[in-house]
Amino acid sequence: MSITPAAPSGRDHGPALLAVLDAVDRAPGAAALRARSYGLLGITTGSRLLDVGCGGGLAVAEAGARGALAAGVDRDEAMVAAARRRHPGHAFAVAEATALPYEDGAWDAYRADKVLHELPDPGAALAEARRVLRPGGRAVLTGQDWDTCVLDAEDGALTRTIVHARADLVTGPRVARRFRGLLLDHGFGEVAVEVSTAVLTDARLLPLATGLAESAVRSGAVTREQAAAWSADQAARAAADRFFLAIPVFTASGTRSR
């Protein structure tokens with residue numbers, strides 16, 4: 001499942017962000033969601049797939065194992081270095097989602113997972129996606145709506161404050177609810193949206209919740225004392241096997257019009 005509630009804001013954080021993304025890739029449902037994206041893209045032997053915001057390169061390697069001619073780009077040099085180190089048989093490049101170093105129509109499939117919420121102008125990224133896709137090529141966008149983290153907690157009002165404070169640290173916290181409109185606005189048809197929900201109850205995932213509270217303290221939305229009390233409640237729930245965090249994730253797909 002594509003979740004990053006406790007990740008650092010921004011994508012330029014080197015090893016710290018890579019560790020978060022690795023944890024996300026191991027989260028319940030994450031592998032199935034990646035596989036669903038490959039299916040929506042119609043990946044077959046010989047398909048040319050570009051993974052934008054590739055991180056450590058896992059999706060590129062998985063698509064390659066399905067026979068795709070896959071490559072990845074990321075604006076973070078440390079991410080690209082890690083991807084090259086981990087998956088030496090694939091091509092990776094440092095590039096912005098809004099300025100891809102490829103010719104018009106170079107790709108059959110375009111994938112952007114956990115990317116658009118970091119961009120000040122996601123529409124520019126979609127325009128670039130359309131440019132590098134061939135007519136009839138497919139695009140898949142995946143991401144969470146950062147306002148929508150559902151936690152079981154004693155203090156509901158404080159929980160809403162903490163969740164929204166973390167969302168406000170993100171460049172585009174609500175871009176996932178715009179995926180459909182963005183695809184339609186930038187020359188894609190056959191647009192469809194799916195939602196899947198990660199339901200997390202493992203006590204080992206407690207840091208995902210406490211990380212929200214820490215972010216709220218840093219933003220000034222709550223006091224250190226409020227965050228400590230809220231985190232203590234979450235820790236008690238985890239100790240009693242009552243931890244509950246649910247995160248809806250949206251996947252939108254579309255076909256480049258001719």
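Predicted model: local features only at pLDDT ≥ 70, side-chain atom pairs only at ≥ 80, totals over all residues.

Visitor: Why is the aromatic pair of Tyr-102 and Trp-107 called edge-to-face?

Guide: The planes of Tyr-102 and Trp-107 stand at 85°, and over 60 degrees counts as edge-to-face, so the name applies. The centres are 5.1 Å apart, and rings pair if their centres lie within 6.5 Å. A search of the whole structure finds one such pair.

Visitor: How do you know whether Trp-107 is buried or exposed?

Guide: Trp-107 has a relative accessibility of 9%, and under 20% means buried, so Trp-107 is buried. Tyr-102 has 21%, which lies between the cut-offs of 20% and 50%, so Tyr-102 is partly exposed.

Visitor: What makes H6 roughly perpendicular to H8?

Guide: The axes of helix H6 (residues 156-167) and helix H8 (residues 206-219) cross at roughly 70°. Angles of 65 to 115 degrees count as roughly perpendicular, so H6 is described that way relative to H8. Residues of H6 in the contact include Ile-162 and Ala-165, and those of H8 include Leu-212 and Ala-213.

Visitor: Why is Lys-114 called buried?

Guide: The relative accessible area of Lys-114 is 9%, and buried means under 20%, so Lys-114 counts as buried. Lys-114 is not a glycine, yet its phi is positive, near 60°. Most residues other than glycine have a negative phi.

Terms used
Residues numbered from 1 in each chain as written. Heavy atoms only, no water. Phe/Tyr/Trp six-rings, centres within 6.5 Å; stacked < 30°, edge-to-face > 60°. Buried < 20%, exposed > 50% of the residue type's maximum accessible area, 1.4 Å probe, protein only. Axes fitted to C-alpha atoms, helices over the stretch in contact; angles between N-to-C directions. Helix = DSSP H or I, 4+ residues; strand = E, 2+ residues; numbered from the N terminus. Parallel < 35°, antiparallel > 145°, perpendicular 65-115°, else oblique. Contact = heavy atoms within 4.5 Å.
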